Amino acid sequence: MRATIAWPEGVIARYLTHAAELLHDAELTVDVTYGDAKSTATCRGCGDCWSNDSYYTNTVKNWAQQHAEKCRALPRPTA
């Protein structure tokens, strides 16, 4: 699958979830952002979120990658 969707502003790393691979949906990602002296990872499938101070950005990236490898959740549909 080739991701052709532009990354949102502030995203410094992005990982495809397991669901994204199965459904060929490049929007089901775990995005890592940096702001307010914190790195945060947010899953666009299930909504799980994890953050840590900026010194540990690699820890947040590791969590994001591990979560993406197993997350099969789909986002709630909009009306």
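The sections below treat the basis of the model, the sheet, the backbone of its loops and the salt bridges.

## Basis of the model

The structure is a predicted model, in which local features need pLDDT of at least 70 and side-chain atom pairs count only at pLDDT 80 or more, while totals for chains, interfaces and linings use all residues. Residues are numbered from 1 along each chain as its sequence is written, and side-chain values rest on heavy atoms, with hydrogens and water left out.

An open sheet is formed by four strands in the order 1-2-3-4, with antiparallel pairing. On average, neighbouring strands are turned by 15° against each other, direction ignored. Strands are DSSP runs (E, at least two residues) numbered from the N terminus, and two of them pair if DSSP finds at least two bridges between them. The angle refers to axes that are lines fitted to C-alpha atoms, with angles from 0 to 180 degrees between N-to-C directions.

Strand 1 is joined to strand 2 (residues 29-35) by five bridges; here Y15 has V30 in strand 2 as its bridge partner. Five bridges also connect strand 3 (residues 38-43) with strand 4 (residues 49-53), again antiparallel, and S39 has N52 in strand 4 as its bridge partner.

## Loops and backbone

Strand 3 and strand 4 make a hairpin with five residues between them, and G47 in its turn has a positive phi of about 90°. Most residues other than glycine have a negative phi.

In the loop between strand 2 and strand 3 lies D36, whose phi is positive at about 55° although D36 is not a glycine. A37 lies in the loop between strand 2 and strand 3 as well, with a positive phi of about 60°. D36 counts as exposed because its relative accessibility is 80%, whereas A37 is partly exposed at 45%. Buried means under 20% relative accessible area, exposed over 50%, and partly exposed in between (1.4 Å probe, protein chains only).

## Salt-bridge network

The structure holds two salt bridges, each defined as a side-chain nitrogen of Lys or Arg within 4 Å of a carboxyl oxygen of Asp or Glu. One joins D31 and R14 (2.7 Å, N to O); D31 in strand 2 and R14 in strand 1 are 17 residues apart. Both D31 and R14 are buried.

The other joins D31 and R44 (4.0 Å, N to O). R44 lies in the loop between strand 3 and strand 4, so the pair ties together parts that are 13 residues apart in sequence. D31 has a relative accessible area of 8%, and R44 is partly exposed at 34%. Through shared partners, the salt bridges join R14, D31 and R44 into one network.
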